Amino acid sequence: MENIVIIGNGVAGISAARHIRKLSDKRIIIISAETDYFFSRTALMYVYMGHMKFEHIQPYENWFWEKNRIDLIRGYVTEVNHTEKKLKVEGSRDIQYDKLIIATGSKPNKFGWPGQDSHGAQGLYSKQDLDLLEINAPNADVCKRAVIVGGGLIGIELAEMLRSRDIPVTFLVRESSFWNGVLPNGESALINEHILEHHIDLRLATNMNEIIADENGRVKAVTTDKGETIACDFVGLTAGVSPNVDFLKDSGIEIGRGVKVNRFLETNIKDVYAIGDCAEQHEPIGNRRPIEAVWYTGRMMGETVAQTICGNRIEYKPGHWFNSAKFLDVEYQTYGWVFAGRGRKDHEEHFHWRHATEKICVTVAYHKDSKLFLGINTFGIRMRHEIFDRWLTEAKDVNYVMEHLKDANFDPEFYAQYEHEIVSKFNSETGTQIKPKKKSWKRIFQTT
Amino acid sequence: MSTYDRSMALTGQPPKKLNKGQKISALIGTVGLGIMLLAAFNVEFPNRALWLFIALSSIMGGTIWYAKASYGHKVKGIKNDGVWFKSLSNKGLMGWLAGIALTGFYIILYFYPAYLGLVKDGPNNGVIALFDPFSRLLSGNPASQWFVYGTLYTVAVLAFGIKFMWKYRHNRYELVRTGSVMFFQTAFAFLIPEFMARLNSDTFSLPYYNFTKMWPLDNYHFEGYRVKSLVTAGDVGLGLLIFGIASIFIISPILTFKYGKRWYCSWVCGCGGLAETIGDPFRQLSDKTVKAWNIERWVVHSVVVFVTLMTTAVIYSYLGNDTSKYWLTKTTFLLGVGGLLTAVFAWVMIFKRKQLQKDAQYGAIGYFVIIIALIGFHFLSGDGHIFLFKSGTLRKTYGFLIGSIFSGVIGTGFYPIFGNRVWCRFGCPMAAILGFQQKLFSKFRISTNGGQCISCGNCSTYCEMGIDVRAYAQKGENIVRSSCVGCGICSAVCPRGVLKLENGPLEGRIDSNQVLLGNDVDLMTLVNKK
């Protein structure tokens, strides 16, 4: 029986294992240094906030693995020997494999800031980081002020976490407006306002120079490039993540920033595959980045590699880009491509609508000349994934999208609906006379 | 700082100090409860109406003020910070104390009402006497323990309903739904039945009639004395009797088809109303394991079989044998019940077999138990007897085990231990019947939004019915579960906008994708092949 070994028990590795089991009877071994069982990384924040206990963020009950004959090993892989097809594992015997899947995820970026290894300075990625956070910032008595460096998704989540325990937070963001490399100006401004609403001390266009430690090596302050010194007991380093592949440096497996893979998720070494955050495509797919640290891409790569390993070699072909996040109390969804800042192409026209008082807004991107619909960002409105996926596949134009916007609404029942307001603003800006059509179940569930 | 004395607790120590508003409002609410407690210990209040008014308004005012102090100053949104750190909502000491206190209250209420001050053939004393003026105002009669309970119940639904609305003020579905349960509890379950009692005179008498409770949740619905009293009460009584029968056989199937069983369980029902309001802080305590789900299905469906048999037996016992006196006799009644059940069973087996899968065998077992029992009634029972028991024994056993112990003592008393829907999930025969319809014959589902799920688990954690919502959502499957009461909280707590309660076309309601949207279409078809 073939031995499939998977390094990493995140969503990519676990999806691969589950689908290999669905398709075959091969022996499956998953090695993880982080935890005994799979958990949802994106939900770690809710454990600190007290919304859930750690057991709640484990999607499968503990009996699931044995029942499905998926062997779990706790240990740290120190070496991959592909000539002998063998792994050295700290705290365990060597493990033989026939096929190896590398799914080791990411680690927080550290950019060599002076003092970055002081006690009380940390990133937020792993279960260990969460445990460390409980020690570094359990409450507002121990942690009188926290400074967060890096204005991305993890940064704002960490800010929300700390605020849930009433810890004062100073949030240093390099950009002139929150996440404006990704979000168009109107949206970025909305989130700036929302951050302040939550009593987070937001410092835009501000970089950290260094972390100052006390005589015990504990964080006591940071200095900024604005010449300011901010006293604090905790520094959150959340300036992005990068692939966790250091242990492969001398293995002969080709490494760039991540493990280099082709469209089939195969590395340069036969029978070795890489999936999830740690995989780096030789050539980016469409507008996607070569490394995508996103939950669902990890899952899809796992599903794809399972097919390949079980004898049906297929390419990894992610469909239309989509994503979502929640900034404090504001939900964000995106379908297709809406670019901001330097990424925005000349032909990309934006239509933006924002509610007069609520934190709700929509940005639609379309081609200036052909009117082709390119993508949509929504804040405070939920949209139906199937609909936008179909519209992107069918290359609908922006007028069609506006006319049928009600079909795409996924907000709970009784919510106020804004399609008329949105479309009437669109009409007045573009000189069109579109009337939004009533929601139609027939259109929503059409199966052509 | 390095000498800071850290607690040994593994989970966090969030700031759960109460603010000034919370402290004062908690004090006011406690004063209200204190007045009632004093009354229960026979402290005489000079002006009962005034003191009752003070007590009820401080409970109500205290709760509402507490809600404002807790949520008013915060940005609207999900308010679950620290839920698992608090003793009350995490089965800590406070939770257990609350559970014990509630359980004790129910035991006294059901079995020892004399301790509350109920006096047979004489004026009440104790806390029941405190409620006498209010009861006289509404119905003209002195209070009973049930009037005290009904009043407190309604006050709880109203006060904690407002708290719930404050907590979920960003969510219109929750606001409308909570408004609905508050209205039905106050008007149809509490006030109207009291007013109806005013209609009674020496020549005209209606039994106590709670419009929001239908058979089989109201297991007394078709008892001899009630039916007799309805039949003798002229058109109004007959109307009520027909309404009672239509509720279960016509009205509820239609509404459940259109909206799912939520129209009842989380919009109208009083038990649901209490669970959704004062029970809301405990919703996360429901057990989500597959084991609990198995137990749930056996227990709740056994209750359905039990209540069906019990009701049949009770009606059977007061019907006659002579067709010339009344068209409905013992024999025709048994044949009717058997025929109806056979029709339902045959319909399900022929048309809905696929949806039921392995549950079909459980259904078959339940069906045959009932049919055999019906045959047994016919051949082995005499006047007033079902088999060897008196029909009254069966009724009393059900009333004691299910009506009192399960729905009251365990169902509500154990809110802080097992979660707020224990009764609805494990015990309520009404919920089981509506759930059966919801699963097989309804437009309602919780739609999963393509590939957006991140398996975080908020939906499953906060599902009061113990449904592992995430297990479906992360596979891109819609959630069509008979136990879902449609409270909408899974959708509310979802950070990625994945879940939506909706009533849509029947086609494609259950079987959706195994692999989620976002991946290349070929792979989706490949993996979706089972």
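This is a predicted model: local features need pLDDT of at least 70, side-chain atom pairs count only at pLDDT 80 or more; totals for chains, interfaces and linings use all residues.
## A helix across a sheet in chain A

Strands of a sheet pair through backbone hydrogen bonds, in either a parallel or an antiparallel sense. For E21(A) and E22(A) the sense is antiparallel, and the pairing extends over six bridges. A:Lys326 stands opposite A:Glu331, a residue of E22(A).

## Domains of the two chains

Chain A is divided into three domains: domain 1 covers 3-107 + 242-309, domain 2 covers 121-239 and domain 3 covers 322-444. Taken over C-alpha atoms, the centres of domain 1 and domain 3 of chain A are separated by 35 Å.

Chain B is likewise divided into domain 1 (12-74 + 112-197), domain 2 (200-442) and domain 3 (445-528). The C-alpha centres of domain 1 and domain 3 of chain B lie 38 Å apart.

## The contact between chains A and B

Chain A contributes 54 residues to the contact, and chain B contributes 53 residues. On the side of chain A that touches chain B, at least two residues each are supplied by helix H2 (44-48), helix H7 (295-309), strand E21 (322-327), strand E22 (330-336) and helix H8 (385-393) of chain A. The largest share of this side, six residues, comes from H7(A).

By class, the residues on the side of chain A that touches chain B comprise 22 nonpolar, 16 polar and 16 charged.

## Two crossing helices in chain B

Within chain B, the axes of helix H11 (residues 290-318) and helix H18 (residues 429-440) come within 8 Å and cross at roughly 105 degrees. Because of this angle, H11(B) is roughly perpendicular to H18(B).

H11(B) brings B:Val300, B:His301, B:Val303, B:Val304 and B:Val307 to the contact, while H18(B) brings B:Pro429, B:Ala432 and B:Ile433. The contact of H11(B) with H18(B) has seven nonpolar residues, one polar residue and no charged residues.

How values were computed:
Residues are numbered from 1 along each chain as its sequence is written. Chains are lettered from A and ligands numbered from 1 in the order in which they are written. Axes are lines fitted to C-alpha atoms, for helices over the stretch in contact, and angles run from 0 to 180 degrees between N-to-C directions. Helices (H or I, at least four residues) and strands (E, at least two) are DSSP runs, numbered from the N terminus. Angles under 35 degrees count as roughly parallel, over 145 as roughly antiparallel, 65 to 115 as roughly perpendicular and the rest as oblique. Two residues are in contact if their C-beta atoms, placed from the backbone, lie within 7 Å. Ala, Val, Leu, Ile, Met, Phe, Trp, Tyr, Cys and Pro count as nonpolar, Asp, Glu, Lys and Arg as charged, and the others, Gly among them, as polar. Domain bounds come from an automatic or database domain assignment. Two strands pair if DSSP finds at least two bridges between them.
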